[in-house]
Structures are given as C-alpha cells and as structure tokens.
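Hello,

Here is the structure I promised to hand over. Please have a look, then read my notes below.

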Amino acid sequence: MRILVTGVAGFIGFHVAKALVARGDTVLGIDNLNDYYDPKLKKARLRQLGIVDENFKNGKYMQSSRHPSFQFLKLDITLYKSLATVFENHHFDAVCHLAGQAGTYFSSKNPNACVSSNIVGFSNIIECVRQAGIKNFCYASSASVYGLNCSEALTTEHATNHPASLYAATKKSNELIAHAYSHQYGISTTGLRYFTVYGPWGRPDMAPMLFTQSILSGDPITLYNRGDMWRDLTYIDDVVESTIAILDKPATSNLNWDIKSPNQASSDAPYQIFNVGNNSPVRIGDFLSYLEKTLGIKANIHFKPVRKSDMIFTHADTSSLTQFIGKAPQTALSDGIAAFISWFKSYEAQQSWLHASSKDAS
C-alpha cells in the first residue's frame, strides 16, 4: 500500500512507519518537528528511518538513505493549502493519522496549541482524505476520552461525555468529526484509543522515561495522589501490531446498529472505535517501585495532590479489538520494561534529549 503517516517523528508514528516500510509498503511521513519536547529525539528517530540530512525545511521532500520506499516531509497539518498539495501530488491508499498535540496537563496551559493541532489539523487531514477520494482512514484517539468514567474496565461502549482535560475533549471531537465524514461520505474511519504507551524511543514527558531518567540522575520525581493512580501500560510493539492490523482492515458498517439504542463504538456508517491497551492496569506508585528495584536505586520522590486533568484509573477492555483482528496487546510489563531499560541505558550517556524539561509525569 501507499500510506501517509502523520506525526512520523513521534513515538508511535516512528514505530508504525518503520514496521510498514519493513513489510514493503511505500510510506510518506510528515511531521512539523515542534518543540513540545526536544526535537533532537524526533530527529534521532528519523535517522533510524534513514533521514540523515538534518537540513529540515518546510515543504522539502527528503529521501531515506536506508529505505527506497520511505520519504519524509516537514509539514504542519494546520496549513491546509500545503497539506492539500501533498494529497494532490500523491495517490495514497490509506492514511494513518498519528500527529497531534499531546499532553493532558500541557493542554490546560496551552489551549490554543492543542485546539490548533488536534481539531484544526485533524479537520484538515480528513477533508484532504475526502477530497482525494481515499476510503481508509485510521487515526489516534486516546484513553483520556473516558474522563470521569471510572468503570473497572473501560469498554468502547461506555459514554465519553465528561472529559477531564481539554486534550481529552479534542480527542473526543476527533471521533465525532470522523463519524460525520463516515456518515456523509462513506469513508472508513477507525479511531484507536491508545492507553499509556511505553517502550524504546518513547516520549521523555511520560512516566517510564521520566521516572527512569530521574532515578538515575537523582532528580526529584513528582508523584501525584501518592501514586494512587492506575494506568494500563501498553508496550509499543503491541501498539504497532494492532495499529497496522486495523489499517489493513478498514472499518465496516455495523449491520445490527440500532438507532434507538446506538452502540457507541460503531455505526450504520463505516465507523469504528477500539481500545488499544494491555488490559492490566498498574498502580503508578507500584510502577515506580518496580523501576527502583530494577535499577537498584531509590527515587527522590515529592508528593503532590492529584490534578484536575488527571484520570485516576484507566483499564482497557480490549475484547472488541481481539474479536476484530484476532488478538490484542499482551506483552508483560516485566518484559516491556526490561526492553525499555536496555534501550535507555544504551543511549542515555550520549543523548541530551533524554532530560525532560519537566519532572511531572504525563
């Protein structure tokens, strides 16, 4: 397939593009290389994809030195005309939209950046998909859409009407926009609600890398609610496998969909939503203790009350994903963390970008 991957220098986007190219797909990756966290990490990921020239200019196509079937283009998805030109000049079979402004806490401090990327940018992408006649559109949603819903296991049929952050609200908006396009234009849209993703080349603002770096350096770690929050930590390889399986199997209409009792995760339009999580939540305080034991170093912990934007509990019910693609994420935390720490130690000494600007875990 010829696939556009947005957010290709990001954590998930990088791994998805790498896997697609490895299996023989032709991929164009776009990213604006913003400074939400140090762009050196994003550029280091791109080097793994064979983009060795660091003379990044907006609108400049860059050919991979490793993969003839991969190109990179620096582009901001909020610029509709530039984005539309890309679609006019290529003939994509599918779009995997993973770009967006991350960070629940960041969104409360920088609402315009969040709305611009996650709503304006998303709208631009899906409108370009429509104009180009592409029928296969897969996009990143988030577990954060569940907001104040505290059910033991979060299913895609649960209501998502009470987001706890602006970030979550923008992701909920993406799902609504996607449904409108599926309903009106017959585009197969699939939203993936990713639960806390970790692993090699991860984000430095998220707990696994942030905690590990802070433990090794002796820097203080801020732990909210005394660590009494639970996250369904999901290993990156599982996330990539699930994402590509969904990309290979576009959404279809639910023939049993009942307008009087609608299923929240499907429609009579070709629209679907799936949880992508490990179905095994871990208490953040226990996770930190596990890292301390693995690294053999005690953390310097500062406690703070829970923030308004924080979800206390996330637990992915992945039964619908398993039914649709035949399996769901299942890497054990011990295996995933071992692989992550091995990667981290290999790069920590040389890479300044591992030092996050904030010590607050997202």
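Bear in mind that this is a predicted model.

First, the pocket I looked at. Strand E12 (271–276) and helix H10 (319–325) each supply at least two residues of the lining of the second largest pocket. H10 gives the most, with four residues. The lining has 19 residues in total. Asn263, Ser266, Gln272, Phe274 and Ser320 lie nearest the centre of the pocket. By class, 12 lining residues are polar, five are nonpolar and two are charged. The volume of this pocket is about 420 Å³.

Next, helix H7. It spans residues 207–217 and is mostly covered. Nine of its 11 residues are buried. Among them are Met209, Leu210, Phe211 and Ile215. Thr212, Gln213 and Ser214 are buried too. What covers the buried residues of H7? The cover includes strands E8 (197–198) and E9 (220–224). It also includes helices H9 (284–295) and H11 (333–348). Just after H7, glycine 218 takes a positive phi of about 80°.

Now the whole chain. It has 11 helices and 14 strands. Buried residues make up 54% of the 362 residues. The C-alpha atoms fill a box of roughly 55 × 55 × 40 Å along the principal axes. Among contacts between residues at least 6 apart in sequence, 77% join residues at least 24 apart. The accessible surface comes to about 15,100 Å², and 50% of that belongs to carbon and sulfur atoms.

Best wishes

Methods:
Residues are numbered from 1 along each chain as its sequence is written. This is a predicted model: local features need pLDDT of at least 70, side-chain atom pairs count only at pLDDT 80 or more; totals for chains, interfaces and linings use all residues. Side-chain values use heavy atoms; hydrogens and water are left out. On a 1 Å grid over the protein atoms alone, a cavity is a set of points where a 1.4 Å probe fits but cannot get out, and a pocket is an open set with protein on both sides within 12 Å along at least five of seven lines; lining residues have an atom within 4 Å of a point. Grid points are joined across faces, edges and corners, and a volume is the space filled by probe spheres set on the points. Ala, Val, Leu, Ile, Met, Phe, Trp, Tyr, Cys and Pro count as nonpolar, Asp, Glu, Lys and Arg as charged, and the others, Gly among them, as polar. Buried means under 20% relative accessible area, exposed over 50%, partly exposed in between (1.4 Å probe, protein chains only). Contact means heavy atoms within 4.5 Å. Accessible areas come from the Shrake-Rupley method with a 1.4 Å probe; for residues, only the protein chains shown count as cover.
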